[in-house]
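Notebook open, structure on screen. I'm going to jot down what I look up as I go.

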Amino acid sequence: MQAVYDRASAVRLMIFDVDGVLTDGKLYLSDSGEEIKAFNTLDGHGMKMLRQSGVELAIITGRTSKLVALRARNLGITHLYQGVENKLDAFQDLLAQLNLRAEQAAYMGDDVIDLPVMRRCGLAFTVPAAPAVVKRHAHYVSELAGGSGAVREVCELLMQAQGTLDTQLAPYLA
């Protein structure tokens, strides 16, 4: 676990996949074809605290959804890539925009489409439901499931490693 904390201390950018990470991975479709997703509020607050601690946040997803754009806007995430077939290209674009090295970025994904980024970033996270090949390339597999607190777990791990968690929690403990 110390190796994960060592990698986490260098992270300046945390990137999330959506389906299976920010959600439970299920796609809910109405009769009219409208897509519905459920997001976890604990995850959202963890992301806000992580952003307030100085870590940039981004989303890279293969699907395109108005719901994801709305969720990103609600969380103050300005780096949003939707409908991405090659996530590595989006990752490299983010690094260039933010003038960061790959080892300063962390990524949380749950499927093989995420592997190119997971294999190149400084710290790769996944969820328990991920395929075995994805888990093999992750530095850390969350205890909690995607859409059920996995993102909050990772955000708190990063803040703990960087020494910012107590500062983020202090207003709630006063």
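This is a predicted model: local features need pLDDT of at least 70, side-chain atom pairs count only at pLDDT 80 or more; totals for chains, interfaces and linings use all residues.

**Entry 1: H2 and H8**

I started where two helices touch: His45, Met49 and Gln52 in H2 meet Gln168, Leu169 and Tyr172 in H8. Contact here means heavy atoms within 4.5 Å. Helices (H or I, at least four residues) and strands (E, at least two) are DSSP runs, numbered from the N terminus. I sorted the residues of this H2 and H8 contact and got three nonpolar, three polar and no charged. For that sorting, Ala, Val, Leu, Ile, Met, Phe, Trp, Tyr, Cys and Pro count as nonpolar, Asp, Glu, Lys and Arg as charged, and the others, Gly among them, as polar.

Residues are numbered from 1 along each chain as its sequence is written, and side-chain values use heavy atoms, with hydrogens and water left out.

Next I looked up the geometry. H2 (residues 41–52) and H8 (residues 165–173) pack at an angle of about 120°, and their axes are 9 Å apart. Axes are lines fitted to C-alpha atoms, for helices over the stretch in contact, and angles run from 0 to 180 degrees between N-to-C directions. H2 and H8 are therefore oblique to each other. The cut-offs: under 35 degrees is roughly parallel, over 145 roughly antiparallel, 65 to 115 roughly perpendicular, and the rest oblique.

**Entry 2: H2 and H3**

H2 also meets helix H3 (residues 66–75): their axes come within 10 Å and cross at roughly 50°. That makes H2 oblique to H3. From H2, I listed Thr41, Gly44, Met47, Lys48 and Arg51, and from H3, Arg71, Asn74 and Leu75. The residues of this H2 and H3 contact split into two nonpolar, three polar and three charged.

**Entry 3: the sheet**

In what order do the six strands of the open sheet come? I read off S5-S4-S1-S6-S7-S8, with parallel pairing. Two strands pair if DSSP finds at least two bridges between them. S5 (79–81) and S8 are the edge strands, each pairing on one side only.

Then I went through some of the pairs:

- S1 and S6 are parallel over four bridges, and Phe16 has Met108 in S6 as its bridge partner.
- S6 (residues 105–108) and S7 are parallel over three bridges; Tyr107 has Ala124 in S7 as its bridge partner.
- S7 and S8 (residues 140–141) run parallel with two bridges; Thr126 is partnered by Val141 in S8, and Phe125 stands opposite Tyr140.

Are the residues of S7 (residues 123–126) buried or exposed? Leu123 and Phe125 on one side and Ala124 and Thr126 on the other are all buried. Buried means under 20% relative accessible area, exposed over 50%, partly exposed in between (1.4 Å probe, protein chains only). In S6, Ala105 and Tyr107 point one way, Ala106 and Met108 the other, and all are buried.

**Entry 4: the core**

I found that the largest nonpolar core has 54 residues, and those with the most contacts inside it are Met14, Phe16, Met47, Met108, Phe125 and Leu158. Helix H7 (residues 150–162) gives the largest share of this core, seven residues. A nonpolar core is a set of buried Ala, Val, Leu, Ile, Met, Phe, Trp, Tyr and Cys residues joined through side-chain atoms within 4.5 Å. In soluble globular proteins, nonpolar side chains tend to be buried together.

I checked Met14 too: leaving aside neighbours within four places in sequence, its contacts include Leu50, Val55, Met108, Phe125, Val154 and Leu158.

**Entry 5: two loop residues**

Gly25 sits in the loop between S1 (13–16) and S2 (28–29). Gly25 is partly exposed at 37% relative accessible area. Not counting residues up to four places away in sequence, Gly25 touches Asp19 and Gly20. Gly25 and Gly147 are 122 residues apart in sequence but 7.7 Å apart in space, C-alpha to C-alpha.

Asn99 is in the loop between H4 (87–98) and S6. Its phi is near 55°, a positive value in a residue other than glycine. At 69% relative accessibility, Asn99 counts as exposed.
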